[in-house]
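These are my notebook entries on a model that I went through chain by chain. I looked up confidence, overall fold, selected elements and the contacts between copies.

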Amino acid sequence: MKLELKEMLDTLRRVHPLIHEITNYVTANDCANITLAAGASPVMADAPEEAEEMTAISQALVLNLGTLNREKLKSMILSGKKAGEIGIPVIFDPVGCGSARFRTGAAVQILHEVRPSVVRGNLSEVGSLLGMPLHTRGVDASEERCRWTARQVAETAAQQWDCIVSVTGKTDIISDGRQTLCIDNGCPAMACITGTGCMCTAVMGAFCGACPAHLLGAAAAALIFTGLCGEMAWETAGRDGLGSFHWKFMDAAGRMTGEQLEKGAKYHEA
Amino acid sequence: MKLELKEMLDTLRRVHPLIHEITNYVTANDCANITLAAGASPVMADAPEEAEEMTAISQALVLNLGTLNREKLKSMILSGKKAGEIGIPVIFDPVGCGSARFRTGAAVQILHEVRPSVVRGNLSEVGSLLGMPLHTRGVDASEERCRWTARQVAETAAQQWDCIVSVTGKTDIISDGRQTLCIDNGCPAMACITGTGCMCTAVMGAFCGACPAHLLGAAAAALIFTGLCGEMAWETAGRDGLGSFHWKFMDAAGRMTGEQLEKGAKYHEA
Amino acid sequence: MKLELKEMLDTLRRVHPLIHEITNYVTANDCANITLAAGASPVMADAPEEAEEMTAISQALVLNLGTLNREKLKSMILSGKKAGEIGIPVIFDPVGCGSARFRTGAAVQILHEVRPSVVRGNLSEVGSLLGMPLHTRGVDASEERCRWTARQVAETAAQQWDCIVSVTGKTDIISDGRQTLCIDNGCPAMACITGTGCMCTAVMGAFCGACPAHLLGAAAAALIFTGLCGEMAWETAGRDGLGSFHWKFMDAAGRMTGEQLEKGAKYHEA
């Protein structure tokens with residue numbers, strides 16, 4: 001499977017889609033900024049009184065479970081259904097799933113009532129939604145085993161939920177249940193700042209909003225884009241520290257060209 | 001009209017006013033930091049249980065409609081009325097007005113019940129509040145036409161609402177319905193990071209809180225201050241990327257001197 | 001009293017504790033990032049539906065009163081009681097106490113119902129909780145007098161509330177009612193960006209979560225750690241401005257070694 005990465009980034013920057021993001025207050029600023037840097041425009045309304053209307057004028061909807069509350073969940077369901085009606089992609093990030101019943105219950109409700117187009121989470125989040133409590137720390141969590149498990153989880157979830165599922169980690173896996181890609185972009189420092197997962201999901205919203213006809217490719221492009229931002233930030237600022245890395249990450253996002261994306265991409269079919 | 005820019009910035013840094021900002025969670029950190037960098041102190045309480053009391057000890061009130069919800073709207077009305085009672089300026093930013101009825105309705109309610117001293121928004125936000133749905137994208141939106149429309153919208157709104165109105169864009173317009181200024185500070189990169197509009201409104205709170213007797217001049221000074229921060233950030237970090245630009249913007253705000261403000265200002269009466 | 005600073009930082013980075021932080025949306029991103037940079041992991045759930053469960057899997061709980069509302073207060077009480085049941089330290093930051101009755105009332109309720117392990121605030125916040133309205137601005141607030149008052153307030157509060165109390169300012173004071181330390185790390189620029197107080201409290205959560213058997217030492221280590229980050233950031237970025245200082249502060253946090261912490265610490269018993 002050959003990804004048309006340059007074409008997708010060019011499309012994103014030409015179409016300049018509006019992305020409605022219902023997200024958490026911890027990383028909202030970073031998510032808005034990377035949405036802009038990638039080439040889209042964010043709108044972040046989360047009140048049930050206006051969520052649907054904001055979705056109605058958008059080209060993609062991003063639902064992120066960080067700092068969840070009842071009102072926000074209500075908005076996510078309303079916006080998610082509206083997105084289904086008007087046929088725009090819904091990208092779902094089940095942040096923290098598996099750690100509290102309210103969170104897990106909300107994620108299950110979203111899966112059933114909204115039927116997202118793409119789900120992106122780490123192994124324990126996606127695994128817990130499949131009803132597999134995974135112990136990814138400790139003796140059993142060898143790298144080999146994790147990668148195998150991540151692939152299995154992504155493919156099982158994709159088939160069960162009939163959508164694209166990405167399980168991110170050292171290697172990012174993405175599958176629509178038929179085709180599966182492994183992506184090896186990124187760097188360890190990305191786990192040392194908050195919000196790289198949320199930002200990746202926001203970038204998925206941007207690519208999917210611009211290329212709704214090719215969601216697997218668009219979502220994979222977002223994984224590569226985000227991972228490559230990490231690599232570039234690490235090269236220029238790795239030794240300076242985490243604050244510098246954070247902002248060089250944003251620098252890389254805004255400066256990324258289609259050529260760089262093509263050249264830096266490390267992916268293969270599983 | 002000659003603006004006493006140096007004098008106003010010196011006053012702001014001497015008086016060090018407390019600014020109560022009821023604002024959105026996407027750009028709150030940037031707004032608090034630029035409030036400090038300009039020379040004021042922010043307080044950001046938004047619960048109806050304490051909003052009035054925080055307003056009562058402040059020298060200006062900033063109301064920003066981003067990530068609006070019912071509780072926050074209640075606080076804005078309570079705080080806005082308190083500000084009227086004690087006679088401190090209210091700066092109102094109708095973020096996203098025109099895109100959802102709840103938002104537009106809230107803005108209309110604030111205009112009527114709070115009667116803000118200064119309103120700052122972009123053309124479509126202020127235009128929609130006047131009941132003019134403006135199509136600012138596409139063929140008709142030539143630069144010439146936009147500037148003309150912005151001036152007309154600012155002056156009409158200022159007369160209708162009996163307050164100062166600023167319509168910001170490539171050229172910022174500010175009018176009290178009698179006098180109108182055009183300000184040409186700023187740079188295109190300011191539209192590529194989130195929150196430059198919110199930050200500008202916060203800086204208006206700082207200047208207006210310090211110079212309540214000259215609100216048109218104070219609000220104009222804030223537009224020049226913010227635009228000049230953008231120009232300075234662009235000069236030092238433009239090529240590095242959007243993350244660097246963001247933080248150089250904050251660097252410029254903290255280092256801005258009265259002399260630089262006077263020297264860099266680009267304004268004229270319309 | 002000799003603080004085992006290197007040992008505590010090493011322990012923190014080995015144990016990698018999970019810190020549940022119920023905090024404000026203005027500085028949440030900075031708090032999450034400094035928690036990571038110090039060596040711990042943050043989780044920031046604040047809904048009453050899940051607060052207790054998140055506390056139950058954590059090694060420390062941080063309660064921060066910024067942008068307080070009724071729901072968040074409910075979560076703080078629930079999480080605080082759960083922390084007491086399972087025996088993990090609770091670090092309490094009474095942000096803005098004394099400025100509004102709802103805030104002060106909430107702080108009093110937390111003191112009584114949660115019984116925090118450590119309280120950290122500035123002189124007027126902690127003073128107002130003791131029922132001493134302090135006028136720290138103006139003629140009477142000489143540096144000498146402030147330091148004396150801070151010590152008295154910290155010791156009185158520590159005895160009255162039977163916990164560790166830190167009153168931060170130019171000199172940070174920390175006392176358990178028997179022993180009192182004065183810490184002279186830090187720099188004036190820390191007061192010019194928002195969130196250094198909140199970040200210090202978050203770092204206290206990290207150290208106390210890792211070293212729950214030595215809370216006075218752990219909390220003091222956090223004060224030194226944060227102050228030293230400020231000193232390092234000032235040295236490398238002081239002249240560049242407040243944006244650069246902000247991110248160099250984070251750089252310093254992530255790069256801080258046990259040796260640097262030992263070498264840079266400036267403390268003595270009072």
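**Entry 1: confidence.** I began with pLDDT, which is the predictor's confidence in each residue, from 0 to 100. The model is predicted, and I recorded its overall scores as ipTM 0.94 and pTM 0.96. For chain A I noted an average pLDDT of 94, with 94% of the residues scoring at least 70. Over residues 136–141 of chain A, pLDDT stays under 50. The model has 7 contacts beyond four places in sequence for this stretch.

**Entry 2: chain A as a whole.** I counted 11 helices and 9 strands in chain A. The C-alpha trace spans about 45 × 45 × 35 Å along its principal axes. I asked how the radius of gyration of chain A stands against that of a compact globule. For 270 residues the globule would have a radius of gyration near 18 Å, and chain A has 17 Å, which agrees. Of the 270 residues of chain A, 65% count as buried. I also checked the sequence range of the contacts in chain A: among those with a separation of 6 or more, 73% are between residues 24 or more positions apart.

**Entry 3: a loop residue in chain A.** I next located A189(A), which sits in the loop between β8 (180–183) and α8 (196–210) of chain A. Is A189(A) buried or exposed? I found 20 other C-beta atoms within 10 Å of A189(A), so this residue is buried; the cut-off for buried is 20 or more. Leaving out residues up to four places away in sequence, A189(A) touches G230(A), W234(A), G238(A) and F245(A).

Entry 4: I took α9 (residues 215–237) of chain B and compared its length with expectation. At 1.5 Å a residue, its 23 residues should span 33 Å, and the end C-alpha atoms are 32 Å apart, which agrees. α9(B) is mostly covered, with 19 of its 23 residues buried.

I then turned to α5(C), which has 13 residues. From first C-alpha to last, α5(C) reaches 18 Å, close to the 18 Å expected at 1.5 Å a residue. Which residues of α5(C) are buried? I listed F102(C), R103(C), T104(C), A106(C), A107(C) and I110(C). The buried residues of α5(C) pack against β3 (60–64), α4 (70–86), β4 (90–93) and α6 (123–129) of chain C. Just after α5(C), I noted that R115(C) takes a positive phi of about 55 degrees.

**Entry 5: chains C and B.** I superposed chain C on chain B with a rotation of 120 degrees and 0.0 Å of shift along its axis, at an RMSD of 0.0 Å. The two copies are thus related as by a three-fold rotation axis. In chain C, the C-alpha nearest the axis belongs to Y25(C), 3.3 Å from it.

At the interface, 23 residues of chain C are in contact with 27 residues of chain B. On the chain C side, α2 (28–38), α5 (101–113) and α10 (242–255) each supply at least two residues. α10(C) gives the most, with 4 residues. By class, this side has 9 nonpolar, 10 polar and 4 charged residues. I also asked why the copies can be said to meet through different surfaces. Only 13% of the interface residues of chain C are also interface residues in chain B, so the surfaces differ.

**Entry 6: chains A and C.** I repeated the superposition for chain A on chain C: a rotation of 120 degrees with 0.0 Å of shift along its axis, RMSD 0.0 Å. Of the residues of chain A, Y25(A) comes closest to the rotation axis, at 3.4 Å (C-alpha).

Here 22 residues of chain A are in contact with 27 residues of chain C. On the side of chain A that touches chain C, α5 (101–113) and α10 (242–255) of chain A are the elements giving two or more residues. α10(A) gives the most to this side, with 4 residues. I divided the residues of this side into 9 nonpolar, 10 polar and 3 charged. Only 14% of the interface residues of chain A are also interface residues in chain C, so these copies meet through different surfaces.

Technical notes. Residues numbered from 1 in each chain as written. Chains lettered and ligands numbered in written order. Predicted model: local features only at pLDDT ≥ 70, side-chain atom pairs only at ≥ 80, totals over all residues. Expected span 1.5 Å × (residues − 1). Buried ≥ 20, exposed ≤ 12 C-beta atoms within 10 Å, placed from the backbone. Least-squares fit on C-alpha atoms with pLDDT ≥ 70 in both. Contact = placed C-beta atoms within 7 Å. Nonpolar A, V, L, I, M, F, W, Y, C, P; charged D, E, K, R; others polar. Rg over C-alpha atoms; globule rule 2.2 N^0.38 Å.
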